[in-house]
Amino acid sequence: METITEIIDGPKQFVKDSINLINKCTKPTQTEFFQMAGAIGMGFVIMGFIGFFVKLIHIPINNIIV
């Protein structure tokens, strides 16, 4: 009988923790949303420039080698 309660106790605790997490979560305010969107956008731009410059440097080196 103990093994059955031990098996059932794990999923019960998971469901209880999940419900508590969902209840604590809130939607971001408009300012928080725009701050996150701006930071993510800047990350995309920076990663794009890094990729562009790597490709820009790689093309002449590849042509010299080949």
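Start by selecting T5, which sits in helix α1, the stretch of residues 2-24; helices here are DSSP runs of H or I with at least four residues, strands are runs of E with at least two, and both are numbered from the N terminus. This is a predicted model, in which local features need pLDDT of at least 70 and side-chain atom pairs count only at pLDDT 80 or more, while totals for chains, interfaces and linings use all residues. Residues are numbered from 1 along each chain as its sequence is written, and side-chain values use heavy atoms, with hydrogens and water left out.

With T5 still selected, note that T5 is partly exposed at 45% relative accessibility, where buried means under 20% relative accessible area, exposed means over 50% and partly exposed lies in between, using a 1.4 Å probe and protein chains only.

Now zoom out to the protein chain, which has 2 helices and 0 strands. Its C-alpha trace spans about 75 × 40 × 5 Å along the principal axes. The radius of gyration is 25 Å, whereas a compact globule of 66 residues would have one near 11 Å; the value is taken over C-alpha atoms, and the globule rule is 2.2 Å times the number of residues to the power 0.38. Buried residues make up 0% of the 66 residues.

Next, turn to the aromatic rings. Rings of Phe, Tyr and Trp (its six-membered ring) pair if their centres lie within 6.5 Å, and planes under 30 degrees apart count as stacked, over 60 as edge-to-face and the rest as tilted. By this rule there are 3 aromatic pairs. Select F33 and F34, an edge-to-face pair with 5.8 Å from centre to centre and 65 degrees between the planes; F33 is partly exposed, with a relative accessible area of 46%.

Then move to F52 and F53, another edge-to-face pair, at 5.5 Å centre to centre and 65 degrees between the planes. F52 is partly exposed at 48% relative accessibility, and F53 is partly exposed at 46%.
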